[in-house]
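Please look over the sequence and the model first, then read the points below.

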Amino acid sequence: MKKSFFRFLAKLNKALLPSFTKKELDISKASKFQLAIIGWRAYVTINSLD
């Protein structure tokens, strides 16, 4: 159940949230909001792969 929920969230994130790697964002110059989005996407990805 948990894994399927995080897989759904990962698909939702991919559709709605911006991809900063495609925009070639420098992490040292990222705003707090951008860092929060990066962290959230990483958290969801890690939990969907377990």
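L12 is found in helix 1, which covers residues 2-16; helices (H or I, at least four residues) and strands (E, at least two) are DSSP runs, numbered from the N terminus. The model is predicted, so local features need pLDDT of at least 70 and side-chain atom pairs count only at pLDDT 80 or more, while totals for chains, interfaces and linings use all residues. Residues are numbered from 1 along each chain as its sequence is written, and side-chain values use heavy atoms, with hydrogens and water left out.

**Overall chain**
- The protein chain has two helices and zero strands.
- Along the principal axes, its C-alpha atoms fill a box of roughly 35 × 15 × 15 Å.
- Of the 50 residues in the protein chain, 18% count as buried (buried means under 20% relative accessible area, exposed over 50%, partly exposed in between, with a 1.4 Å probe and protein chains only).
- The protein chain exposes about 4300 Å², and carbon and sulfur atoms supply 65% of that area (Shrake-Rupley method, 1.4 Å probe; for residues, only the protein chains shown count as cover).

**Helix 1 and its surface**
- L12 counts as partly exposed because its relative accessibility is 36%.
- F8, L12 and L16 make a nonpolar surface patch of about 320 Å² (patch residues have over 30% relative accessible area and no salt bridge; like charges are joined within 9 Å, nonpolar side chains, namely Val, Leu, Ile, Met, Phe, Trp and Tyr, within 5 Å).
- A salt bridge is a side-chain nitrogen of Lys or Arg within 4 Å of a carboxyl oxygen of Asp or Glu.
- K2 also lies in helix 1, and K2 is exposed because its relative accessible area is 56%.
- K2 and R41 are 39 residues apart in sequence, and their C-alpha atoms are 16 Å apart in space.

**Helix 2**
- Y43 lies in helix 2, residues 32-49, and Y43 is partly exposed because its relative accessible area is 45%.
- The C-alpha atoms of Y43 and A10 are separated by 9.6 Å, although the two are 33 residues apart along the chain.

**Largest pocket**
- The largest pocket has a volume of about 170 Å³ (grid points are joined across faces, edges and corners, and a volume is the space filled by probe spheres set on the points).
- A pocket is an open set of points on a 1 Å grid over the protein atoms alone, where a 1.4 Å probe fits, with protein on both sides within 12 Å along at least five of seven lines; lining residues have an atom within 4 Å of a point.
- The largest pocket is lined by P18, S19, F20, T21, L25, I27, I38, R41 and A42.
- Its lining divides into six nonpolar, two polar and one charged residue (Ala, Val, Leu, Ile, Met, Phe, Trp, Tyr, Cys and Pro count as nonpolar, Asp, Glu, Lys and Arg as charged, and the others, Gly among them, as polar).
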